[in-house]
Amino acid sequence: MINGTVVDLSRIQFAATALYHFLFVPLTLGLSFLLAAMETVYVTTGRSIYKDMAQFWGKLLMINFALGVATGLTMEFQFGTNWSFYSSFVGDIFGAPLAIEGLMAFFMESTFIGLMVFGWERLSKGQHLAVTWLVALGSNLSALWILVANGFMQDPVGAAFDPVTMRMQLTSFPKLIFSPDVQSKFVHTSIAGYVTAAIFVTGVSAFYMLRRRHMALAKRSFRMAALFGVLATMGVITLGDALGFVAASVQPTKLAAMEGLWKAEAAPMPFNLIAFPDQAKHENRFEVQLPDLLSLLVTHSLTGRVRGIDALEGQAERKIENGIPAVQALEALSRDPKDAAALAQFDAHRSDLGYGFLVQRYAPDLSKVTPAQVSEAARDSIPPVAAVFWSFRLMVAFGLLMLAFFGLAALYTLRNSVQEQTWLLKAALWMIPVPFLADEAGWLVAELGRQPWTVFGVLPTWMSASTHSVTYMAFSLIGFIALYSIFIVIEMYLMVRAIRVGPSEHGDPGVHPAQPRPVLVGRPVPAAAHGTRLED
Amino acid sequence: MRTFLHFILFMVVAAVVIVLAAILGNVGAWYFAWLVGTTMIVLISAASAALLDAQEEQALGGSGVFDSHGQT
């Protein structure tokens, strides 16, 4: 039996490294496509200001990319070091997308990012543009494969457990990559990256506009990012809705936790806007509800109902009772793989094998399992409700805040008056942390909501970890947190330094407050054009 | 003859793209939406920059002649 503290420390270690890593990834996913947009304008119009933009934002992308790769590498090794049973149990399925992700990230993406950075003077305009597009595509396809692997953990389709080899085996690759959970999760995550990059670019551009520096670059960057962001935020919200719809069928416990739903009510069901879930008592305190909204959001119908946690726990008890004979049959098969009776027993109960494993945490000898242990395991089948509930609400609130911000940003930039809206520019600066927090909250919803499983309904988390000592796990966790905190400090230092230095502009010298107001030959500079059309 | 061959070639490419899009749209609707949506977002973002150039040109009285650095 694996020590529970080791399992918890393994979880904390993976969560810490993933949350650190996920601070870098979304910016790379989005900024690479924003670069592609900027360079597309450069190639089609020939104006070098867009080349300056692509080079400046490309420098920031490189800083982020390098640290993103560094933080991501260790995670792949953690599957082997800290989650060895998980790796052997689902490695046949999990390994392929993980390997393709590595190929995408380290062969396609890294190769082309090198060409992008060093190829400005060596490639033709068209060739360089193609390279930039391939960097964007490569980084997002890299994310696709890791999300295929993650999607299998959320909704394990395209695979089956083989009682002879004692592990999961791939039965259908198309089912794996086209599962509704994988598709909607990939698009949701990828576009969340676009939103992150758009907020980052508007924030940094606002910084320059507030200081009247690099106005031509800042105004164009802000304009492009605002339009990029407003569309992407609408996409993220749409895909968030799709993910909720998928969760209703494949992960009902996650959905019930997200909504703080203990008992199913008659349709149309209300949405808990605010509540303080009490998992011990199965109730919410201080509920503020919006009528009818839950049915509408989750089932897209006013007559749709969602199962509550009480019903799901009851269902888990039945599944555990059905899963126990499957685990007992496996034990018999491990002694004699040709035991026909055991094989028949396994086949009759195989659909609930994971639930049999779930109760083994409390009853290692399943022949002596008690109803109280079954109930305890059933209660464990529900994720931590309060954490999932509030992470979800934070993510949604941040998403709506960003939509409102981008709406205003797009409005003022399309009127070409954003540089005069000091309040909006200051707000843009304050918005920079928001998408990162939303991304982290989204990760928490997805991964905490999957508990107590590493592979939903198939492999419990408590079984998945390696048999390390508590000391080893504690020291390696401290090491990871220290190292990754240093990475964050390095990233912020390099980013801030690059932003303070600013772009190397060939066409726009920038206008500093100390400089006299420039004039065009024969006419005063209009406010809107100030700093953008200077006489050489 | 060369133009005709180009026409045939592009028609074949278009047909293949349409068939692939139909297949992808059927089995991977969200992947298809991502491809189309990303392209649309990038192009609208790029077009908005070109619009800014036009707006600034207009703000200067419509007579500004821009060089390759975006300057008059």
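Mentor: Start with handedness. A crossing is left-handed if the near helix is turned anticlockwise from the far one by less than a right angle. This is a predicted model. In it, helix 6 of chain A passes helix 7 of chain A in a left-handed crossing.

Trainee: What makes helix 6 of chain A roughly antiparallel to helix 7 of chain A?

Mentor: The axes of helix 6 (residues 180-210) and helix 7 (residues 215-250) of chain A cross at roughly 155°. Angles over 145 degrees count as roughly antiparallel. Therefore helix 6 of chain A is roughly antiparallel to helix 7 of chain A. Their axes come within 6 Å.

Trainee: Which residue classes make up the contact of helix 6 of chain A with helix 7 of chain A?

Mentor: That contact has 25 nonpolar residues, nine polar and three charged.

Trainee: How many helices and strands does chain A have?

Mentor: Chain A has 18 helices and six strands.

Trainee: Why is chain A called as compact as a globular protein of that length?

Mentor: Set the value against the rule. The globule rule gives 24 Å for 536 residues, and the radius of gyration of chain A is 26 Å.

Trainee: What share of chain A counts as buried?

Mentor: Buried needs 20 or more other C-beta atoms within 10 Å. In chain A, 50% of the 536 residues count as buried. In chain B, buried residues make up 25% of 72.

Conventions: Residues are numbered from 1 along each chain as its sequence is written. Chains are lettered from A and ligands numbered from 1 in the order in which they are written. This is a predicted model: local features need pLDDT of at least 70, side-chain atom pairs count only at pLDDT 80 or more; totals for chains, interfaces and linings use all residues. A residue is buried if 20 or more other C-beta atoms lie within 10 Å of its own, exposed if 12 or fewer, and partly exposed in between; C-beta atoms are placed from the backbone. Helices (H or I, at least four residues) and strands (E, at least two) are DSSP runs, numbered from the N terminus. The radius of gyration is taken over C-alpha atoms; the globule rule is 2.2 Å times the number of residues to the power 0.38. Axes are lines fitted to C-alpha atoms, for helices over the stretch in contact, and angles run from 0 to 180 degrees between N-to-C directions. Angles under 35 degrees count as roughly parallel, over 145 as roughly antiparallel, 65 to 115 as roughly perpendicular and the rest as oblique. Ala, Val, Leu, Ile, Met, Phe, Trp, Tyr, Cys and Pro count as nonpolar, Asp, Glu, Lys and Arg as charged, and the others, Gly among them, as polar.
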